[in-house]
Amino acid sequence: MSVLPTEPLQILEPGAAAHGRNDLRRNLIGLSRDGLKTALAEAGLEPFRAAQIWQWIYWHGVTDFGRMTNIAKKARDRLADQFVIERPSIVTEQRSVDGTRKWLLRFADGNEAETVNIPETDRGSVCVSSQVGCTLTCTFCHTGTQPLVRNLTPDEIVGQFMVARDSYGEWPTPTADAQRMLSNIVMMGMGEPLYNFDNVAAALKIVMDDQGIALSRRRITLSTSGVVPMIPKVGEALDVNLAVSLHAVTDEVRDTLVPINRKWPIAELLKACADYPGARNSRRITFEYAMLKGVNDSDADARELVRILKPIHAKVNLIPFNPWPGAPYECSSNNRIHRFAEIVNDGGLSAPVRTPRGRDISAACGQLKSASLRQRGAKVAL
């Protein structure tokens, strides 16, 4: 397993893709296995080809039907006439001095979202977006300043991870976790995943299929700001790791930082977390806590955090606030952060301090944003 290099800051601009596409062929990425069989049958092709095509798309990463050598040429030609294998296009790729990579991706309708890979020496976590913009208005988050444009579709969600694999040349799918440079997915990019649950679930089921990208559920983390009614559905449909953007220990403070708290306050959120399948086995629920100077970082806050989370099999991820232009908050001092962590750790909860990554390219937690705007009069179904 090669160690991922630390790379100097650079910006690659392959050239902006044209807004929209006139190609009416259907994209096969994002279809379920049954959906793929149905699409092939409707095109006059044998449904049994679906297993072969699935492996070529998700195991080998091909985008050219001509490379599918175990399929007859006549069938390949028909596939090329009827379908495409299309990823989002890269508008820019930025590389941080710490090795983090960020892609601004453009979708077929011209809208854009950002995707990030955070590499370690032997693995990498791809931070995937679920929406263009965000329906929430968390006051410490840059994405929250961009109104929701639309939900991303399954192909656009899966396609983000596939673009990352293209960038690292990680095809075909490595056969062991130890060989993967891109070993994890975190649904922590732009948007609230549980306000786009059907599409997110469809995409993650494709990611977990062992005949394709083949990431196990323990390698996938879904983060939510607290859409309480949907949390049980995550456990039922996906049973992936759950992360919760908590960021405060009182409803008064959280109402400001995470306004969805006014609808589902802390007590309701923690009850849903306690009932999540991962809370009843060896997998802990991660509670994300951005450290904001003078807002949520006192000794009393730390002790209260221990008190409310002690009944749950929990881990706390302390996140030094990542600044962005016009942000109304400052990051807590290093001494304050480590004193806070000490109190939480002494209280019996694991509370590592996350090392900020990709700040120089605005790729750190809470810094993602794109320039896409919702069309006037357009509505988004949530």
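Residues are numbered from 1 along each chain as its sequence is written, and side-chain values use heavy atoms, with hydrogens and water left out. Because the model is predicted, local features need pLDDT of at least 70 and side-chain atom pairs count only at pLDDT 80 or more, whereas totals for chains, interfaces and linings use all residues.

Most residues other than glycine have a negative phi, and most peptide bonds are trans. Against this background, a cis peptide bond, with omega of about -5°, joins Trp171 and Pro172, and Pro172 is located in the loop between α4 (154-168) and β10 (184-187); helices (H or I, at least four residues) and strands (E, at least two) are DSSP runs, numbered from the N terminus. Ala214, although not a glycine, has a positive phi of about 60°, and this alanine is placed in the loop between α5 (197-208) and β11 (220-224). A positive phi, about 55°, is also found at Asp239, which is not a glycine and which lies in the loop between α6 (231-237) and β12 (241-245).

Thr100 belongs to the loop between β4 (89-95) and β5 (101-106). With a relative accessible area of 0%, Thr100 is buried (under 20% relative accessible area, with a 1.4 Å probe and protein chains only). The side chain of Thr100 makes a polar contact with the side chain of Asp98 at 2.7 Å, where a polar contact is a pair of N or O atoms within 3.5 Å, one able to donate a hydrogen and the other to accept it, and residues adjacent in sequence count only if both atoms are side-chain atoms. When residues up to four places away in sequence are not counted, Thr100 touches residues including Gln94, Val116, Pro119, Arg357 and Ala363, contact meaning heavy atoms within 4.5 Å.

Conventions. Buried < 20%, exposed > 50% of the residue type's maximum accessible area, 1.4 Å probe, protein only.
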